[in-house]
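Morning, everyone. I have one structure to walk you through. Please look at the screen.

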Amino acid sequence: MTAHLPTSLLLGIRLLARRPGRAVLASAGTATTTLMVTALLTWHTELGGRPDFKRFGPVEVRVDLTGEVLLAVTLTLVALSTLNTVLLGWSTAVQARRALSIARTLGATPGQVVAALCVAQLLPAVPGVAVGIPTGLGLYWVFGSTVTPSTTWLLTAALVILLAVGVLTALPAWIHTRRPTGRVLTAEPA
């Protein structure tokens with residue numbers, strides 16, 4: 001059955017299975033970022049639905065401060081999640097370089113190795129996004145009103161987050177594949 005699966009998917013699942021703690025960390029980071037992005041989108045939707053007379057006076061000041069705080073926290077979490085994704089991708093590539101070099105020696109292309117490392121990051125990111133969106137909506141509804149952004153906005157945010165995880169993982173993975181396999185295999189003890 002596994003003979004029909006792509007090489008990069010098999011390698012990615014193997015990498016993921018060998019490091020379940022790293023998968024949980026990646027999923028939690030993605031969920032937290034998705035939660036804040038969802039809250040920011042919900043706030044923006046709520047603000048757009050308010051009548052103009054509620055936007056003036058003390059309410060406007062409170063709304064502006066809330067928006068600034070939400071934006072600052074979201075940008076901070078996005079920056080931390082970006083750093084986390086790059087470091088997780090890099091450490092996965094470094095710790096698995098021998099196994100991935102053996103896979104390359106056995107016929108895996110550098111592109112398949114890069115895709116495998118991306119799969120190892122994207123598989124835990126998907127549940128993180130799936131948990132982050134409803135959690136972000138729920139938390140906003142507890143502290144705000146029950147406004148929901150459009151499905152298009154939420155799906156776009158989810159896809160952008162997953163695309164960012166893939167791209168941020170591909171860079172360290174690509175750098176890893178630049179090293180010749182012979183040098184990696186002779187440099188490390190078996």
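Let's begin with a term. Buried means under 20% relative accessible area, exposed means over 50%, and partly exposed is in between, with a 1.4 Å probe and protein chains only. Take A157: it has 16% relative accessibility, so A157 counts as buried.

Two sentences on the source. This is a predicted model, where local features need pLDDT of at least 70 and side-chain atom pairs count only at pLDDT 80 or more, while totals for chains, interfaces and linings use all residues. Numbering starts from 1 along each chain as its sequence is written, and side-chain values use heavy atoms, with hydrogens and water left out.

Now the overall picture. Helices (H or I, at least four residues) and strands (E, at least two) are DSSP runs, numbered from the N terminus. How many helices and strands are there in the protein? Seven helices and zero strands. Along the sequence, the pattern reads α-α-α-α-α-α-α. The protein has 190 residues, and 38% of the residues are buried.

Next, contacts. Contact means heavy atoms within 4.5 Å. Consider the contacts between residues at least 6 apart in sequence: 88% of these join residues at least 24 apart.

Then the surface. Areas come from the Shrake-Rupley method with a 1.4 Å probe, and for residues only the protein chains shown count as cover. The protein exposes about 10700 Å², with 72% supplied by carbon and sulfur atoms.

On to the inside. A nonpolar core is a set of buried Ala, Val, Leu, Ile, Met, Phe, Trp, Tyr and Cys residues joined through side-chain atoms within 4.5 Å. The largest nonpolar core has 14 residues. L11, L15, L100, A108, V113 and L117 have the most contacts inside this core. Which elements give two or more residues to this core? They are α1 (7-18), α4 (97-105) and α5. The largest share comes from α5, with six residues. Another core lies apart from this one, with 12 residues, among them I133, L137, L154 and A157.

Back to L117 for a moment. Set aside residues up to four places away in sequence, and L117 touches L15, T92, A93, L100, T169 and A173.

Helix α6 holds A157. Beyond the neighbours within four places in sequence, A157 is in contact with V37 and L41. The C-alpha atoms of A157 and T38 are separated by 7.9 Å, although these residues are 119 residues apart along the chain.

Now look at L16, in helix α1. Not counting residues up to four places away in sequence, L16 touches A23, A120, L123 and P124. L16 and Q121 are 105 residues apart along the chain, with their C-alpha atoms separated by 7.9 Å.

Two further pairs. T32 sits in helix α2. Is T32 buried or partly exposed? Partly exposed, because its relative accessible area is 37%. From T32 to G128 is 96 residues in sequence, and 7.8 Å in space, C-alpha to C-alpha. V131 is found in helix α5 (residues 110-143). V131 is partly exposed too, with a relative accessible area of 45%.

Last topic: a pocket. The search runs on a 1 Å grid over the protein atoms alone. A pocket is an open set of points with protein on both sides within 12 Å along at least five of seven lines, and lining residues have an atom within 4 Å of a point. Grid points are joined across faces, edges and corners, and a volume is the space filled by probe spheres set on the points.

The second largest pocket has a volume of about 180 Å³. Of the 13 residues that line this pocket, T33, V78, T82, I161 and A164 are the closest to its centre. The elements that give two or more residues to the lining are α2 (20-49), α3 (58-95) and α6 (151-177). Which element gives the most to the lining of the second largest pocket? That is α6, with six residues.

What kind of residues form this lining? Ala, Val, Leu, Ile, Met, Phe, Trp, Tyr, Cys and Pro count as nonpolar, Asp, Glu, Lys and Arg as charged, and the others, Gly among them, as polar. The lining of the second largest pocket divides into eight nonpolar, five polar and no charged residues.

T33 is buried, because its relative accessible area is 8%. Apart from neighbours within four places in sequence, T33 is in contact with L77, V78 and S81.

Definitions and conventions: 1 Å grid on protein atoms, 1.4 Å probe; cavity = no way out; pocket = protein on both sides within 12 Å on 5 of 7 lines; lining within 4 Å.
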